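Please keep the sequence and the structure in view while reading.

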Amino acid sequence: MNDSPVTTPNPHDPSLDQAVALHAAALRLEEEFNGLVDDQAIEQFLRSAYEHVADHATIDNFLPLLAERYTREWLSAMVEEQSSRA
């Protein structure tokens with residue numbers, strides 16, 4: 001058993017400033033897709049997008065912005081598909 005208070009950071013965990021940027025992105029997306037997509041689903045999509053771009057990034061400055069754009073495109077396509085079925 002390891003009793004050390006030091007933990008190994010998860011490489012997918014955003015830094016503090018990136019976490020703040022992701023939170024702001026989630027709020028913008030929740031406002032944009034209000035009533036069309038559940039807020040919790042938006043946050044899950046955003047986190048998934050962040051992890052995806054983080055896996056392939058060599059520079060992490062723009063990860064929250066890229067994740068927001070990717071999530072917006074994904075949500076727009078999902079809403080469009082749902083509306084075309086109705």
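A residue is called buried here when its relative accessible area is under 20%, and exposed when that value is over 50%. The structure under discussion is a predicted model.

The overall layout may be taken up at the outset. The protein chain contains three helices and zero strands, and from the N terminus on its elements follow the order α-α-α. Of its 86 residues, 26% count as buried. The accessible surface amounts to about 6,400 Å², and carbon and sulfur atoms account for 53% of it. When contacts between residues at least 6 apart in sequence are considered, 62% of them join residues at least 24 apart.

Attention may now turn to helix α3, which spans residues 63–85 and has 23 residues. From its first C-alpha to its last it reaches 33 Å, close to the 33 Å expected at 1.5 Å a residue. Which residues of α3 are buried? They are L63, P64, A67, E68, T71, L75 and V79. The cover over these buried residues includes α1 (16–32) and α2 (39–56).

Leaving aside residues up to four places away in sequence, A67 touches L22, L46, A49, Y50 and V53.

How values were computed:
Residues are numbered from 1 along each chain as its sequence is written. This is a predicted model: local features need pLDDT of at least 70, side-chain atom pairs count only at pLDDT 80 or more; totals for chains, interfaces and linings use all residues. Side-chain values use heavy atoms; hydrogens and water are left out. Helices (H or I, at least four residues) and strands (E, at least two) are DSSP runs, numbered from the N terminus. The expected span of a helix is 1.5 Å times one less than its number of residues. Buried means under 20% relative accessible area, exposed over 50%, partly exposed in between (1.4 Å probe, protein chains only). Contact means heavy atoms within 4.5 Å. Accessible areas come from the Shrake-Rupley method with a 1.4 Å probe; for residues, only the protein chains shown count as cover.
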